[in-house]
Amino acid sequence: EMKGSAIQVTDSLDRCQEELVIDSIRKNLGVNSEVSPSFNNLCNILESALNKFGDDIYSSTSSFVFELLQNADDNSYALLPASIKPQVQLRIFSDHVLFTNNEDGFNASNVRAICNLGGSTKTMGPFIGHKGI
């Protein structure tokens with residue numbers, strides 16, 4: 001059993017604030033708004049490039065496990081009591097994989113970062129990954 005909270009939000013966003021963060025991301029990305037055909041073409045080109053890039057990076061069928069472990073290693077565990085060590089749990093089911101850890105949880109900056117290619121909140125330093133992909 002995992003100790004600590006994998007769902008806790010570190011900057012104490014309440015449900016309303018969480019929705020405002022998501023709404024601002026959607027607005028900045030132009031989601032649910034009219035876009036020109038040339039913008040759609042650009043999006044298609046970017047999507048193709050990202051698919052190719054992803055295929056090259058994750059050529060092994062087990063690469064996703066290493067990516068999950070890397071992300072868990074890069075997470076913040078500052079809110080855990082000193083008596084509890086960071087943990088991960090990987091459970092494999094017939095129709096899905098469940099990977100959990102007892103990290104601090106996402107804050108608004110983390111949510112914005114995962115919605116922005118290259119917008120990682122990680123910097124060069126003690127992290128395994130910092131590419132923002």
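**Figure 1. Contacts across the chain of the predicted model.** Of the contacts (heavy atoms within 4.5 Å) in the protein that link residues at least 6 apart in sequence, 62% join residues at least 24 apart. This is a predicted model, in which local features need pLDDT of at least 70 and side-chain atom pairs count only at pLDDT 80 or more, while totals for chains, interfaces and linings use all residues. Residues are numbered from 1 along each chain as its sequence is written, and side-chain values use heavy atoms, with hydrogens and water left out.

**Figure 2. Secondary-structure elements.** The protein contains 4 helices and 2 strands, which are DSSP runs numbered from the N terminus (helices: H or I, at least four residues; strands: E, at least two). Their order from the N terminus is α-α-α-β-β-α.

**Figure 3. Confidence along the chain.** The mean pLDDT (the predictor's confidence in each residue, from 0 to 100) of the protein is 76, and 71% of the residues score at least 70. Residues 4–10 have a pLDDT below 50, and this stretch has 21 contacts in the model beyond near neighbours in sequence.

Figure 4. Leu 68 lies in helix H3 (residues 63–74). Leu 68 counts as partly exposed because its relative accessibility is 27%; buried means under 20% relative accessible area, exposed over 50%, and partly exposed in between (1.4 Å probe, protein chains only). Asn 101 is 33 residues from Leu 68 in sequence, and the C-alpha to C-alpha distance between the two is 9.9 Å.

**Figure 5. Burial in the protein.** Of the 133 residues in the protein, 18% are buried.
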